[in-house]
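Here are some exercises to work through with the model open beside you. Try each task before you read its solution.

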There are 2 protein chains.
Amino acid sequence: MMISEGILTLLKRGKKSASGGLSADLLSSSLNYPLSSIYDGIEELRKFGYEIETQRGKGYRLISVPDAFIPFEINYNLKTRILGKILYSYQTLKSTNDLAFRLAEEKAVEGTLILAEKQTAGKGRMGRKWFSPLHKGIWLSLILRPNIPPVKAPGLSLCTSLALLQSIKEKTGLEARLKWPNDCLIGNKKVAGILLELSAELDKVDFVIIGVGINVNQSQNDFPVSLKRTATSLLIESEKKISRVELLKSFLKNLENIYVNFKSFGLKYYREDIKKYSTLLGKKVKLQYGKEKLKGMVKDIDENGSLILETRKGKRTVTAGEVTLI
Amino acid sequence: MMISEGILTLLKRGKKSASGGLSADLLSSSLNYPLSSIYDGIEELRKFGYEIETQRGKGYRLISVPDAFIPFEINYNLKTRILGKILYSYQTLKSTNDLAFRLAEEKAVEGTLILAEKQTAGKGRMGRKWFSPLHKGIWLSLILRPNIPPVKAPGLSLCTSLALLQSIKEKTGLEARLKWPNDCLIGNKKVAGILLELSAELDKVDFVIIGVGINVNQSQNDFPVSLKRTATSLLIESEKKISRVELLKSFLKNLENIYVNFKSFGLKYYREDIKKYSTLLGKKVKLQYGKEKLKGMVKDIDENGSLILETRKGKRTVTAGEVTLI
């Protein structure tokens, strides 16, 4: 199955003009396709979920586009120059991060985007699973190749969260917040999570895979019992169905802006924003980090994206770990 | 070509006993091989470089073993429990690190060792090449899976250097020293280098590839002109030909000891040793780190293996970079 991008482009243009419909004859002559290809193409588009009205004497009119990860729709008016310009979209994948990692090793270019409508083994941090049901969320991975040492990589995770919080605000009005190091919360429920993986020398990252899972259109009943108390979706919080494609495009745009500045100036450019959005600053927390357990007050997030904890034994800088509010 | 490990084992045992030779008949009956297999096996061993004397009436006597990366020789009396127990030895590889990385992704077990007699594209840091001529050095990669966050990985590079310095001392009497972060020097010439690569999440290393290149038996003329001033070998420095196999086995043993303690106690267990061997402590240096350039006095190596620099603007902690003495 292939989408006739020619027909679709004309229908989209037609949608914007007042006149409306485009006849099969007009499409056929504009695209230099035989009429039969136009009929087939329209049917094909309908199968993909495009709603196309046929009015006698007025021809075809595009009523709505499906909210699906169709490369054409994602690229349409996408305002980025790096992120998502190369894009692989799948109905089902085990894990977008795993595929992205393999592609990155095979020299896939910076900005390559992997999307899946469903993941069967979506990855969370520390070997956990990320629940990724069909059509309900955005499950994506991006390949980046910043010229940074690995110690700066946590900053990229925070930048990704920041872009996501901005896009959630833009597209839903909701004020999500960042739980260091990699979760986005609404209230105290997880609406999105970020999983960075990297391949690096000690001096220099070879590539970073940014995995993002966003719970978009799940209803309460879509979550398994084990997640109901801790997870939420944008639909649940906003009580509106959200366009995943529009949210995705906004996110790619916001992340690209931030990423370009991050590469030039480091995290300090966004540190105040990140601190503003953070749920942990000033809070007492427990933190597990490898085998180590710490308790203390969160004082700051530093220029590498590390958490500064004030413990009984003095200040500690923590690059990653599992944080729980006390 | 395959080595008859049965024949070789008996010849090695025979070498230790005073009596000496083992007749073809004795080998044949001990191993339950036909006589023709014994003759073929002896010839095969000679092709691999084993020197085997045939004395009338006394049978075969093993005079010397080749200094080649024959798995049997490396495993023979190897005193490790993790490192090198699984081992792949190649005549020629592009890069042992690249192969190790691929094997690690395919779930190769911790301790897996990759050896090459020659690398055609041996990797140094920062995309540089490591000159790896046939039979002259030890070009190896080890797969480790420590449960540590990536920020602790530089410590592993220092531990590897430490093991190497110990083995060089043991096997040659030479006092090599460590130039942070990853070179081993004799005088001010490079005798070995270490290249760590890792695959990780922000919290946790998935695997680390430790690549090691040791210049063992190159003479001055074996080095290209571009390296003559900056590189040396154990042969040049000690004026003796060194057994690569014995040096390798010693290194695996020393590294395993250190690695086990590193996993339990972190770098602090070896920090004083590392500082003792370091060429940079107390010296004024220039350091390039990503885009950043620093100047200062080297004050310390911290518990993550980072360098503590005293600059005009105060103390700086540097995780990696290119250091030059001023």
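Helices (H or I, at least four residues) and strands (E, at least two) are DSSP runs, numbered from the N terminus, and two strands pair if DSSP finds at least two bridges between them. This is a predicted model, in which local features need pLDDT of at least 70 and side-chain atom pairs count only at pLDDT 80 or more, while totals for chains, interfaces and linings use all residues. Residues are numbered from 1 along each chain as its sequence is written, and chains are lettered from A and ligands numbered from 1 in the order in which they are written.

**Exercise 1. A hairpin and its turn**

Find the hairpin formed by S11(A) and S12(A), and say which residue in the turn has a positive phi.

*Solution.* 
- Step 1: locate the strands. S11 covers residues 292–301 of chain A and S12 covers residues 307–311; 4 bridges join the two, and they run antiparallel.
- Step 2: pick out a bridge pair. Val298(A) stands opposite Leu309(A) in S12(A).
- Step 3: look at the turn. There are 5 residues between S11(A) and S12(A), and Gly305(A) in the turn has a positive phi of about 90°.

**Exercise 2. The sheet around the hairpin**

Work out the strand order of the open sheet of 5 strands in chain A.

*Solution.* 
- Step 1: continue from S12(A). This strand is joined to S13(A) by 5 bridges, again antiparallel, and the two form a hairpin with 2 residues between them. Glu310(A) has Lys315(A) in S13(A) as its bridge partner.
- Step 2: go to the S14(A) side. Strand S10 (residues 284–289) of chain A runs antiparallel to S14(A), with 4 bridges; here Lys286(A) stands opposite Thr324(A).
- Step 3: write down the order. In chain A it reads S13-S12-S11-S10-S14, with antiparallel pairing.
- Step 4: name the edges. Strand S13 (314–318) and strand S14 (322–325) of chain A each pair on one side only.

**Exercise 3. Relating the two chains**

*Solution.* 

**Exercise 4. The interface**

Which elements give two or more residues to the side of chain A that touches chain B?

*Solution.* 
- Step 1: list the contacts (C-beta atoms, placed from the backbone, within 7 Å). In this way 25 residues of chain A are in contact with 25 residues of chain B.
- Step 2: assign elements. The answer is helix H6 (153–172) and strand S8 (189–201) of chain A, and S8(A) brings the largest share, 7 residues.
- Step 3: S8(A) pairs with S8(B) in the antiparallel sense over 5 bridges, and Glu197(A) stands opposite Glu201(B).

**Exercise 5. A glutamate in chain B**

Is Glu237(B) buried or exposed?

*Solution.* 
- Step 1: apply the rule. A residue is buried if 20 or more other C-beta atoms lie within 10 Å of its own, exposed if 12 or fewer, and partly exposed in between, with C-beta atoms placed from the backbone.
- Step 2: count. Glu237(B) has 20 C-beta neighbours inside 10 Å, so this residue counts as buried.
- Step 3: Glu237(B) lies in helix H8 (residues 234–238) of chain B.
- Step 4: list its contacts. Leaving aside neighbours within four places in sequence, Glu237(B) is in contact with Leu174(B), Ile186(B) and Thr232(B).

Terms used: Contact = placed C-beta atoms within 7 Å.
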